[in-house]
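Hello,

Here is the structure for you to look over. My notes follow below it.

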Amino acid sequence: MPTVAVKLYSVLFKLILKRRLQNRIQNPNLTDEMSSSFGVTSRPEETIAAANPSFTDGVATKDIHIDPSSCLSIRIFLPDTCLASPDLDAARVRAKRSELEFRSIPSNSGNGIPRRSSYGSVETYNVAATASNRRSSYCNGFSTDDLSVNSENGAYRGYSPFNNRRRKLPLMVQFHGGGFVAGSCDSAANDFFCRRIAKVCDVIVVAVGYRLAPENRYPAAFEDGVKVMHWLAKQANLAECGKSLGKKLDLRKSDVQGHIADAFGASLVEPWLAAHGDPSRCVLLGASCGANIADYVARKSVESGTLLDPVKVVAQVLMYPFFIGNTPTHSEIKLSNSYFFDKAMSILAWRLFLPEDKFNLDHPAANPLIPNRGGPPLKRMPPTLTVVAEHDWMRDRAIAYAQDLKKVNIDAPVLDYKDCVHEFATLDMLLRTPEAQACAEDIAIWVKKYISLRGHEFSY
């Protein structure tokens, strides 16, 4: 069972969130005044983590506003493993990354970190917490200071890919949770989670700051996810154009980007993605309502076909999806008053997200099990990993969706975590628990089947 602290925090969490949702429903005039196509991507009560474009803790971050017509933005998480030479010994990199990652996580239990039991017997790992440890760059002699543009005049001091020691990493597009009405890509909790995923999966994480409801109802958040995929495809194509232009003009690669510019002379190429991103290995990851968005984006990516080239979605991870329906499942009846997001509160969130004249719990965005849902056939969907929690009332519908994928020969395993609650791996209070860390590692093991250039890797 969850601890007493989790139970108490859950009660407080539900009281605060329920009041906020009810206020938005009972004050439609206030919502109408705030509504606009531009929208909002965060709430005033969110704790925001500032972007840091240098590798002070092993991951550099930057924020980009990618759509001038709306508030759609992204935060890029670039791990320092991108600085490794391509011929660097892979085993050395993984061993060092594993050692440093384990040192940075505090142990809450004297018995070590319990691993999920989906693969068989339960294993434990003892973790030694070391406060003074910091990750270093894997760059064969380059330090983080060498990778910053140092200036005493307040100029940019973050990482710039100016040397030839570049390593291509897969992309992971991440969608945060929050019931479509809360959360943000730059919140402190999401920042911590994305940094962890970037390290253990060895990927560039692109966290999406989609528009929130009720200022922008369905399908705004879903369309924002598709826009990000098209933006990534555009960036990859611009980077290739820049390389061709650089070869013709016999320029250094670091100078090429300045030649692909807009009417104001600003570069159109995002340098981190151009230097280190591999769009042909793209994974979608969504937590809670973000899993609904990820699944929608995966279906639209399949429908788009070559229109998204060179971006290719090779897999998706659905963490405790925010699925619901008119006909309740066994878990929806038994666990309807479960921790954090109970069923009544989730219905309030869906009322704020779906258009008032189209509110229906069997809406295609809410229920993946309805017939004639639309989109491509399930057999064309990418491999899908589903994460569920024992004390989450949404678990049965997520498992049923995974089983439907398995029936058409899609790799769709389900990781079921015992004694865990909804958002156990992404909620601010639960991020440092052993279960949250184990979940990130298990995701990395599965994802590497589809993004590793060396085949299936079981180690870190």
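Helices (H or I, at least four residues) and strands (E, at least two) are DSSP runs, numbered from the N terminus. This is a predicted model, in which local features need pLDDT of at least 70, side-chain atom pairs count only at pLDDT 80 or more, and totals for chains, interfaces and linings use all residues. Residues are numbered from 1 along each chain as its sequence is written, and side-chain values use heavy atoms, with hydrogens and water left out.

Cis prolines come first. Proline 219 is in the loop between strand 6 and helix 5. Proline 214 is in the loop between strand 6 (204-209) and helix 5 (220-249). Its bond from alanine 213 is cis, with omega near 5 degrees.

Now the rings. Rings of Phe, Tyr and Trp (its six-membered ring) pair if their centres lie within 6.5 Å; planes under 30 degrees apart are stacked, over 60 edge-to-face, the rest tilted. The whole structure has 16 aromatic pairs. In one of them, tryptophan 350 and phenylalanine 353 have ring centres 5.8 Å apart and planes at 70 degrees, so this pair is edge-to-face. Both residues lie in helix 10 (residues 343-353), 3 residues apart. Ring pairs join Trp350 and Phe353 in a cluster with Phe180, Tyr218, Phe222, Tyr296 and Phe322.

Last, serine 288. Its phi is positive, about 60 degrees, although it is not a glycine. Serine 288 is buried, at 0% relative accessibility.

Best wishes

Key: Buried < 20%, exposed > 50% of the residue type's maximum accessible area, 1.4 Å probe, protein only.
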